Amino acid sequence: MKFSERWLREWVNPNLSTDALVEQLTMAGLEVDGLEPAAGEFSNVVVGKVVAAEQHPDADKLRVCTVEDGESTYSVVCGAPNARAGILVAFARVGAKLPDGMKIRKAKLRGMESFGMLCSSKELGLGDDHDGIIELPQGCVVGDDLRATLQLDDTCIDIDLTPNRGDCLSLRGVAREVGLLNNAAVTEPETVVVAATIDASFPVTLSDSDGCPRYLGRVIKGINTQAATPLWMVEKLRRSGIRSIDPTVDITNFVLLEVGQPMHAFDLDVLNGGIDVRMAREGERLTLLDGRDVPLDTSTLLITDGSGPVALAGVMGGERSGIGADTKDVFLECAYFAPLALAGTARRYGLHTDASQRYERGVDFELQEAAVERATQLLLEICGGEAGPTVVTEDRAALPERREVSVTHSRLEQLLGVSIAQAEVDRAFEQLKFPVLSRDELDGADVRWTIQAPSHRFDIEREADLVEEVCRVYGYNNIPARQPTTELALGRVSLAHTSERRLRELLADMGYLETVTYSFVDPALQDLLDPGAPVMTLENPMSSDLSTMRTTLLPGLLEAMQKNAARQAPRLRLFEVGLCFCPDSADSKTAKLSQDLTLGGLLWGSREPEGWSGKTTGVDFFDAKGDVERLLESLGVNTLQQTRVRFVSAVHPVFHPGQFAELIDVTSEQVIGRVGRLHPSVEAQMDAASAVYAFELKAEAILRHATPQFAPVSKYPRVRRDLALLVAQDVPAGRIEAICRGVLEEKLVDFTLFDVYVGKGVDSNDKSIAVGLTLQAPSATLTDTEIGQFVQAVIDALAKEVGARLR
């Protein structure tokens with residue numbers, strides 16, 4: 001919201017400097033985003049009067065003007081097409097300095113001397129118009145300084161509002177805030193109720209009264225669209241960032257800035273039948289005022305007549321019914337549209353208008369009649385014409401209601417942390433213009449206020465909103481800064497559950513970097529990395545490539561890998577702990593959504609950082625699997641006493657065949673994770689320069705574990721026995737380890753796989769595996785006889801279970 005400081009001070013004029021006013025607005029929640037002067041720096045430019053304008057004898061496009069400045073007359077050569085006798089102009093005398101640094105000197109143009117310059121808006125930094133010189137109102141005094149005449153020593157203030165403060169998207173709203181903060185009177189311009197002088201109206205139907213519960217229309221006939229918009233209005237619009245177009249459009253824009261109510265004017269002679277506010281129908285199109293022809297989807301609220309759409313409701317009018325140079329009769333529209341009915345409409349069509357910004361945030365639902373009267377008053381004053389009656393079409397049941405909200409004095413002091421007198425609260429509600437419906441005395445000298453929120457404060461919904469408003473009036477700076485003191489009870493820590501924080505710390509200790517990515521992903525990437533899975537699609541996405549809720553963490557991790565690889569990163573270890581959103585069906589309206597906390601990780605590049613001690617190799621499947629095993633051990637999921645999660649070779653279309661495993665919870669036999677190399681086709685589509693390994697685990701499944709049990713450290717010596725075994729090619733090492741642990745139980749304190757061999761001397765269907773068994777008894781030294789019995793029991797069990805034999 002951009003506005004002129006002088007315009008604001010016409011409404012309310014606190015005894016504050018510009019800097020103090022800006023600081024006050026920011027501290028009140030209306031953050032000032034920028035300041036700029038209303039005009040460029042120039043000097044010695046005065047109001048001049050063109051007494052005569054004659055054709056230059058040697059140039060068809062130049063005129064020789066005689067200009068008065070209140071003291072003398074000067075001959076000025078000018079090329080503007082609108083230079084003519086009788087008009088008042090911006091006259092830069094000899095010696096004047098313009099905003100671009102140009103200094104005006106006496107010059108000779110085509111043989112004629114020129115003593116000064118007649119200026120256009122662009123030359124004085126008042127806009128982009130340079131098609132002609134500025135024409136000043138006839139009431140200006142010849143010879144007066146132009147800066148004083150146009151009050152150009154002004155500041156344009158641009159405020160950035162939070163979505164809940166749509167009531168401040170107008171001069172009236174900002175003035176209300178400044179008056180509140182300074183306890184200063186706010187003087188609103190007098191709005192005259194314009195009586196109807198003709199009995200002309202245009203019928204209106206509300207086919208969608210939920211989207212548009214109130215619509216006001218007024219016919220005004222016989223206007224002069226060739227009339228000039230007054231300079232005061234042009235300047236106020238310009239300083240608010242809006243270009244002057246024609247008087248009718250300027251007036252509707254002025255009312256929008258002044259009171260915050262968007263309006264639109266239709267060419268009445270073009271409208272057919274009557275106005276109908278309805279949803280778009282299949283196949284309808286509309287050519288907008290900006291010339292674009294857009295297809296309309298059926299979720300769009302429209303203003304239509306008997307011939308079809310004439311406007312996107314609350315966003316932009318259509319070209320067919322726009323005001324033109326020949327327009328004589330207009331139909332003024334002023335409506336209240338429900339914010340939810342217009343949410344996202346402008347963005348879907350690639351638009352952002354002043355009207356849509358206000359309607360999406362909310363407009364005062366009691367403002368429309370006053371806005372129509374103000375626009376009618378200005379239109380008749382500037383363009384003439386005769387006004388018909390204002391016709392109100394509404395569905396009162398669909399209109400919002402002014403909310404009743406309560407707060408107690410004790411609760412207010414509890415939330416603010418400071419003692420505020422009850423009289424201060426009474427004064428705050430009075431300044432806020434919040435009608436107090438009741439003020440009830442409670443036990444313990446407490447008080448409960450029940451107020452009715454004004455129609456323009458649609459953000460007042462609950463107790464906390466009233467506390468915030470009282471705090472703004474009281475002053476944030478008046479609340480002392482102090483450290484809070486409280487008694488904190490010791491929390492209970494579950495021994496059978498690891499925290500997410502600890503999970504992150506363990507991965508960081510393993511050399512992984514945490515990344516946080518969007519929960520919204522590109523539909524194409526989602527389908528590539530989880531093909532065929534049902535997904536939730538956003539109805540109003542930030543962009544088309546962020547329109548699907550992720551069912552896996554891989555999209556974000558792989559995009560992070562791409563960005564790092566593009567910046568020449570030689571190796572990468574990433575992880576993310578976040579929610580995945582998995583519906584049980586593809587129908588987003590009926591599907592039940594499961595939000596699963598998931599751990600995802602990614603390895604890429606060299607195994608070790610480059611160093612002098614040796615050449616490193618790239619990561620492989622066993623690096624990824626080893627990291628997952630280490631994590632499970634650190635979390636207490638897999639221990640020497642119990643293995644709760646095992647790895648099982650599997651097949652998945654996204655992962656490399658032969659380098660992929662699923663993690664199975666042995667108690668429930670449910671899949672709780674996966675680890676492996678991405679399929680080469682996926683790596684190619686992600687532009688990976690080398691193999692990429694990834695893992696995903698259900699976080700809740702691995703954060704739960706058995707309660708740790710104390711076990712004394714054995715003081716007796718360990719002993720190791722190595723076995724060289726011949727087994728079938730398809731027997732995994734994990735199966736051999738499980739059998740060994742099942743036989744030896746607590747006596748096996750370490751299992752080591754130190755060699756795998758296939759080739760000469762070994763049958764082509766077999767492989768040789770060498771394992772080391774480290775044995776230790778908790779209460780005695782193992783004898784050679786006992787060790788031999790344990791080893792033989794292992795050999796017998798391996799032979800029985802997997803057909804192993806000693807090599």
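How many helices and strands are there in the protein chain? There are 21 helices and 38 strands. Helices (DSSP H or I, at least four residues) and strands (E, at least two) are numbered from the N terminus.

This is a predicted model: local features need pLDDT of at least 70, side-chain atom pairs count only at pLDDT 80 or more, and totals for chains, interfaces and linings use all residues. Residues are numbered from 1 along each chain as its sequence is written, and side-chain values use heavy atoms, without hydrogens and water.

**Overall dimensions**

| Property of the protein chain | Value |
|---|---|
| Radius of gyration | 39 Å |
| Span of the C-alpha trace along its principal axes | about 125 × 80 × 55 Å |

A compact globule of 807 residues would have a radius of gyration near 28 Å. That rule is 2.2 Å times the number of residues to the power 0.38, with the radius taken over C-alpha atoms.

**Burial and contacts**

Buried residues (under 20% relative accessible area, 1.4 Å probe, protein chains only) make up 48% of the 807. Among contacts (heavy atoms within 4.5 Å) between residues at least 6 apart in sequence, 69% join residues at least 24 apart.

**Helix 4**

Helix 4 covers residues 171-182. Its C-alpha span, first to last, is 16 Å, close to the 16 Å expected; the expected span is 1.5 Å times one less than the number of residues. Its buried residues include Leu171, Val174, Glu177 and Val178. Asn183 follows helix 4, with a positive phi near 50 degrees.

Definitions and conventions. Buried means under 20% relative accessible area, exposed over 50%, partly exposed in between (1.4 Å probe, protein chains only).
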